[in-house]
Amino acid sequence: MELHLATALALLAVGFFAGWLGALVGLGGGIIIIPTLVLGFGVDLRVAVATSLVAVVATSTAAGSVFVGKGLAHLRLGMTLEVFTTLGGITGGLLALRVPVEALSVVFAALVSGTAVLMLRGKDARPEQGAPRAAAEPETTEPAGEEERGRLAGSYFDAHQGALVPYRAVRVGLGGAVSFAAGVLSGLLGVGGGFIKVPAMTLGMRVPFKVAAATSNFMIGVTAAASLFIYLSEGLVHPALATPVALGVAGGALLGTATSRRVSATLLRRLLALVLLAVAGQLTLKAFGVRLGR
Amino acid sequence: MQGLLRGGLAVAVVLMVVGLVVQVASGEVAAPGVPLRALVGTGVSPGTRLMGLGVLALGLTPGLRVVLLLVLWARERDWRFVGVAALVVMTLAVSLALGGG
C-alpha cells in the first residue's frame, strides 16, 4: 500500500479507536486492528500481524512507564513464565512464516469468533496488552504487594480485607506449558495472549486474579518483542504502516484505560461482539476466495 | 527502572514520529516492508529508515527491562532469578539474531 498524508491520518485514527475501544471492553487492540487492516486497507494478514505486534510492544511499554507499577505484578513469576512465552513467541513467528496465509486467516477467524462468544456470554473484561484495569486503579498509599526473594511467593493488598494477603504460585510446569502456548498464539496471530495466561495463573497456579493480570501485562511486551524480531527478518514489518498504527493504538489504549472506570462497557461489548462475529465470517470467506461487497 | 523504560520509549517514539513527518513531507508514498539488515543498507528512504529504527528501538525496550531486572536481582544476590532472567535475555538475543539473518 502507499502512504499519503490522508492514509497516515486514517491509520493513526483507526489505531487510536482500536486501542481505545479495546481498553474499554478489556481486549487488546490487536483483535480489532488486524481485521481492520486486512479487510479495510487490503493489507496482507502477516503484515497486519507484524504491525499489531509493534502496537502490542508500544502499548505494553507505554502502560509500563505510565501506570507506575503498584507492585501488583510478581516480576519473578513473570520472568519465569517469560522463558516459555518468548520461546513460544519465536516458534509462533517461525510457524506464521510457513503456514499458508489462508490457514492463518481461518485460525485468526476462530480466535475472533471465540472472543466474540465469550464477550456475548458476558465474561468480564480480559486483561490484555499492557493496560490492565488493575493497573489503572487510583493510587493508594498502601503497598500493593510484595514478592519474596528467591521464591514464587508474595502477598498483595486486598481492599476488602484491608490487609496484605499471602499467596504462593504452584504447578509452575503447567504454567510454563500454557505460557508457551500463549507465546505461540502471540507470535502466530499478533495478539497479547493474556486471556490464556491469566486463567492459567489463577486457576492453575493459584495466583490471585489482580496479581495474575498485572503479571500477564508485564510479560506481554517481552513476548511480542521476541516474535517481532522474527517478522523483521522477513521484511514483514512495514515501518510506514506500523508507525501510525502503533502510535494510535498505544495512545488510544492509554486513554481508554484511564477512562474505562467511567464508561459502562456492557452494551459496547455486545455490539463489538456482533461486529467481531461478522468480521470472523468475512475473514473465513476471504480465506476461501469468496468476496463480499468491495 | 521506570526512567530507563521511558527513555527507551521516548527514543523510539521520536524516531517514529520524525520518520513519519519526513516521509509525508518528502512526498514519498512507498511504504515497503524493511528487513532488519536493510535498515543499515542503501535503498531505503530516510523517513522509512528512521521509522524502522524507531520500531527496532521499541522492540529492544522490553529486553532492556529484562536486563534491568537481572541487574536488580544480582544486587539482591537472588542468583536463581538472575539465571532465569539470563535465559530470557538469551532467548531474545537468539530471536534478534534470527531477525537479522
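Analyst: Happy to; we can go through the chains, how they meet, and a few residues worth a look. Keep in mind that this is a predicted model.

User: Good to know. Let's begin with chain B: how many helices and strands does it have?

Analyst: Chain B has three helices and zero strands. Read from the N terminus, its elements go α-α-α.

User: And what share of its residues is buried?

Analyst: Of the 101 residues in chain B, 42% count as buried. The chain exposes about 4,700 Å², and carbon and sulfur atoms supply 73% of that. Among its contacts with a separation of 6 or more, 60% are made by residues 24 or more positions apart.

User: Now the meeting of the two chains. How many residues are in contact?

Analyst: There are 49 residues of chain A in contact with 49 residues of chain B.

User: How much area do they bury between them?

Analyst: Chain A and chain B bury about 4,200 Å² between them, with 74% of it on carbon and sulfur atoms. On the chain A side, A:R76, A:M79 and A:F229 supply 16% of the area buried against chain B, more than any other three residues.

User: What about polar contacts across that interface, how many residue pairs?

Analyst: Twelve residue pairs are in polar contact there, both partners being at pLDDT 80 or more. As for where the chain A side comes from, the elements giving two or more residues are α1 (5-25), α3 (45-66), α4 (75-98), α8 (209-233) and α9 (239-259) of chain A. The largest share, ten residues, comes from α8(A). Sorted by class, that side has 30 nonpolar, 14 polar and five charged residues.

User: Why does the pair of B:D78 and A:R76 join two chains?

Analyst: B:D78 lies in the loop between α2 and α3 of chain B, while A:R76 is in helix α4 of chain A, so the pair joins two chains.

User: Are those residues buried or exposed?

Analyst: B:D78 and A:R76 are both buried, and the relative accessible area of A:R76 is 4%. B:E76 is partly exposed, at 34%.

User: Switching topic: which residue just after α7(A) takes a positive phi?

Analyst: That is A:R206, with a phi of about 60 degrees, although the residue is not a glycine. A:R206 sits in the loop between α7 (194-204) and α8 of chain A and is exposed, with a relative accessible area of 55%.

User: What about B:R77, what is its phi?

Analyst: B:R77 has a positive phi near 55 degrees, and this residue is not a glycine either. Its place is the loop between α2 (46-75) and α3 (79-100) of chain B, and at 56% relative accessibility B:R77 counts as exposed.

User: Back to α7(A). Which of its residues are buried, and what covers them?

Analyst: The buried ones are A:G194, A:K197, A:V198, A:A200, A:M201 and A:G204. Their cover includes α4, α6 (172-189) and α8 of chain A.

User: One last thing: how far apart are A:A13 and A:L247?

Analyst: In sequence they are 234 residues apart, and in space 9.7 Å, C-alpha to C-alpha. A:A13 lies in helix α1 of chain A and is partly exposed, with a relative accessible area of 46%.

Technical notes:
Residues numbered from 1 in each chain as written. Chains lettered and ligands numbered in written order. Predicted model: local features only at pLDDT ≥ 70, side-chain atom pairs only at ≥ 80, totals over all residues. Heavy atoms only, no water. Contact = heavy atoms within 4.5 Å. Buried area = accessible area lost by both parts, 1.4 Å probe. Polar contact = N/O pair within 3.5 Å; in protein donor to acceptor, adjacent residues only side chain to side chain. Helix = DSSP H or I, 4+ residues; strand = E, 2+ residues; numbered from the N terminus. Nonpolar A, V, L, I, M, F, W, Y, C, P; charged D, E, K, R; others polar. Buried < 20%, exposed > 50% of the residue type's maximum accessible area, 1.4 Å probe, protein only. Areas by Shrake-Rupley, 256 points an atom, 1.4 Å probe, with all protein chains shown as cover.
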